[in-house]
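This report describes a two-part structure in plain terms. Look at the sequence and the model, then read on.

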Amino acid sequence: MKVEDVPQDAKFFKGTVVSDMCYAVDENGNYQAVMSKGWDVKADALQTVLDDVEEQCEPIRQQVLRHEVSPLAYHMEKNLMDIDMLADNSGIAKRKVKKHMEYDEFQKLDQETLENYAYTLRITVDELKTVPEK
Amino acid sequence: MELDFIHKPAGHCENGVTANMFRFYGFDLPEPLIFGIAYGMFFSHIPFVKLAGLPVSSFRTFPGALFSRATSTLGFKTTTERFLVEENAMKKLDKKLAEGVPVGCVVGMYYLPYMPIEYRFPFNGHNICIVGHDEATDMYTVSDPNCTEKVTISRKDLMKVRFTKGGTYPLFGQMYWIDKAPKELPDLKPIVLKSIEKNCWFMTSEPSVIPYFGCNGIDYLAKQIPTWKDKLGERKAALNLAQIIRMLEEIGTGGAGFRFMYGAYLQMASQITGENQFKEFAQRITAIGDNWRTFAADAATIFKRRKDACTYDHVAAQIAEIGKLERQFYADLMKVAKAAR
């Protein structure tokens with residue numbers, strides 16, 4: 001890869017301090033370290049995976065609207081966790097996490113537990129209580 | 001309290017932390033040199049190890065190996081510790097910082113507050129270096145090689161990233177630091193030649209009955225790709241391919257990137273050892289890196305479902321070709337490195 005070919009396709013890194021660094025050859029054939037803002041091919045790969053997650057979440061979102069499962073089930077899937085990881089990272093027993101996947105059980109949760117789940121999933125409590133309208 | 005620590009971004013997290021730590025102790029070594037000396041280039045495609053349900057490929061050596069190989073070869077004394085109790089892990093960190101020692105930590109990506117939201121994947125195996133602690137606000141200063149400048153993280157978040165559960169790799173708050181730096185670096189010439197030989201050996205020596213590692217792994221991946229569509233269906237096959245590209249190009253793994261980094265290393269190796277042929281090898285591995293990038297761009301046409309999409313057979317053939325080129329490359333390079341010793 002030549003220095004001038006190092007991609008600068010800013011997308012996910014935009015507005016963050018995160019950046020890629022590439023090694024590329026200059027006009028004399030010597031390697032240089034060059035900062036890169038991102039590459040479309042890479043961003044497309046990531047977007048493909050994220051779109052798939054979104055698709056997997058849609059039926060769960062519908063279930064939440066019909067009060068069949070709790071919003072926690074939706075946000076767990078959306079934020080790439082499973083019951084084991086959610087239980088381990090929140091410190092809440094797996095048995096209880098499973099129970100909180102039920103719509104009615106979830107409505108009884110106290111503020112502290114909601115905050116714990118929200119922190120574990122990196123969302124706000126308000127986001128946790130609902131699902132997007134779409 | 002913040003250490004007088006110069007932060008420089010790097011292509012890869014573990015090299016970057018190691019390079020930044022070396023600089024702190026007065027040895028300004030470029031990242032590719034550290035990567036090369038630690039013979040970090042590798043390939044593995046292990047279909048039964050899964051990350052979020054997709055097979056894991058890696059283009060580098062095992063986490064932790066780079067730091068321990070680079071430091072022990074160059075004569076640094078180091079310590080690595082793991083913890084069962086989170087509070088102890090933080091206390092030990094505070095103690096080392098108070099002694100004026102920058103501390104490397106292996107962390108999970110998911111809870112890093114400064115990462116873009118799209119990058120919050122349950123990937124455990126990122127490396128950062130803690131270089132300061134503000135007692136008043138309880139914020140820690142972090143040198144993360146993926147960032148252009150130093151960043152901060154709260155105590156709560158730091159504890160969380162050091163003990164993120166699930167994902168690829170159990171964390172146990174793993175931390176490492178340099179106890180003692182050598183007065184001066186050893187003669188690099190024999191070290192460089194040996195490291196090149198070792199890296200070639202790692203890429204080519206695996207018996208063909210174990211198909212997952214080294215050049216065998218590349219051939220194996222080439223054979224697997226055409227079977228995905230029938231075996232897994234359109235959607236899962238496209239996802240698998242996208243996953244390879246992410247592993248190839250993403251933070252923490254960077255495949256083509258490592259080939260270029262090794263090219264840079266071979267140029268330095270040529271200067272250090274006086275062996276001019278390494279320059280030609282640098283050009284060869286650069287061409288191979290370019291092939292990896294072409295493969296990535298072609299593969300993207302498949303998972304983006306473009307009208308003029310390439311076929312799975314086409315990208316598989318590209319990988320098979322890369323496998324052949326890499327195998328020949330390491331075999332030839334090994335001969336030259338051996339002869340120069």
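## The domains of chain A

How far apart do the C-alpha centres of domain 1 of chain A and domain 2 of chain A lie? The two centres are 36 Å apart. In the domain assignment of chain A, domain 1 covers residues 3-38 and domain 2 covers residues 42-129.

## The model and its scores

This is a predicted model. It scores ipTM 0.90 and pTM 0.91. For chain B the mean pLDDT is 90, and 96% of the residues of chain B reach 70 or more.

## The overall form of chain A

Chain A contains seven helices and two strands. Along the sequence these elements follow the pattern β-β-α-α-α-α-α-α-α. The globule rule gives 14 Å for 134 residues, but the radius of gyration of chain A is 21 Å, well over that value, so chain A is more spread out than a compact globule. Taken along the principal axes, the C-alpha atoms of chain A fill a box of roughly 70 × 30 × 25 Å.

Of the 134 residues in chain A, 32% count as buried. Among the contacts in chain A with a separation of 6 or more, 51% are between residues 24 or more positions apart.

## Two residues with positive phi in chain A

Most residues other than glycine have a negative phi. A:His67 is not a glycine, yet A:His67 has a positive phi of about 60°. A:His67 sits in the loop between α1 (40-65) and α2 (71-78) of chain A. Is A:His67 buried or exposed? A:His67 counts as exposed because it has 12 C-beta neighbours inside 10 Å, and a residue with 12 or fewer is placed in that class.

A:Leu80 also has a positive phi of about 60° although it is not a glycine. The loop that holds A:Leu80 runs between α2 and α3 (83-90) of chain A. A:Leu80 has 18 C-beta neighbours inside 10 Å and therefore counts as partly exposed.

## The overall form of chain B

Chain B has 10 helices and eight strands. What radius of gyration would a compact globule with 341 residues have? The value would be near 20 Å, and chain B has 21 Å, which agrees. The C-alpha trace of chain B spans about 60 × 50 × 35 Å along its principal axes.

Buried residues make up 50% of the 341 residues in chain B. Of the contacts in chain B between residues at least 6 apart in sequence, 68% join residues at least 24 apart.

## The domains of chain B

The domain assignment of chain B gives domain 1 as 13-37 + 77-180 and domain 2 as 188-340. Over C-alpha atoms, 29 Å separate the centres of domain 1 of chain B and domain 2 of chain B.

Where these domains touch, 11 residues of domain 1 of chain B are in contact with 11 residues of domain 2 of chain B. On the domain 1 side, α2 (31-37) and β5 (124-134) of chain B each supply at least two residues. The largest share of that side, five residues, comes from α2(B). The residues of the domain 1 side divide into seven nonpolar, four polar and no charged.

In soluble globular proteins, nonpolar side chains tend to be buried together. The largest nonpolar core here has 117 residues, and those with the most contacts inside it are B:Ile130, B:Leu241, B:Ile245, B:Tyr265, B:Ala296 and B:Ala299. The largest share of this core, 15 residues, comes from α7(B).

Leaving aside its neighbours within four places in sequence, B:Leu241 is in contact with B:Ala299, B:Ile302 and B:Phe303. A second, separate core has 16 residues, among them A:Leu72, A:Met85, A:Val97 and A:Leu128.

## Where the chains meet

How many residues does the contact take from each chain? Chain B gives 43 residues and chain A gives 30 residues. On the side of chain B that touches chain A, α7 (214-249), α8 (255-273) and α9 (277-303) of chain B each supply at least two residues. The largest share of this side, eight residues, comes from α9(B). By type, the residues on this side of chain B divide into 23 nonpolar, 10 polar and 10 charged.

Notes
Residues numbered from 1 in each chain as written. Chains lettered and ligands numbered in written order. Predicted model: local features only at pLDDT ≥ 70, side-chain atom pairs only at ≥ 80, totals over all residues. Contact = placed C-beta atoms within 7 Å. Helix = DSSP H or I, 4+ residues; strand = E, 2+ residues; numbered from the N terminus. Nonpolar A, V, L, I, M, F, W, Y, C, P; charged D, E, K, R; others polar. Domains from an automatic or database assignment. Core = buried A, V, L, I, M, F, W, Y, C linked by C-beta atoms within 7 Å. Buried ≥ 20, exposed ≤ 12 C-beta atoms within 10 Å, placed from the backbone. pLDDT = per-residue confidence, 0-100. Rg over C-alpha atoms; globule rule 2.2 N^0.38 Å.
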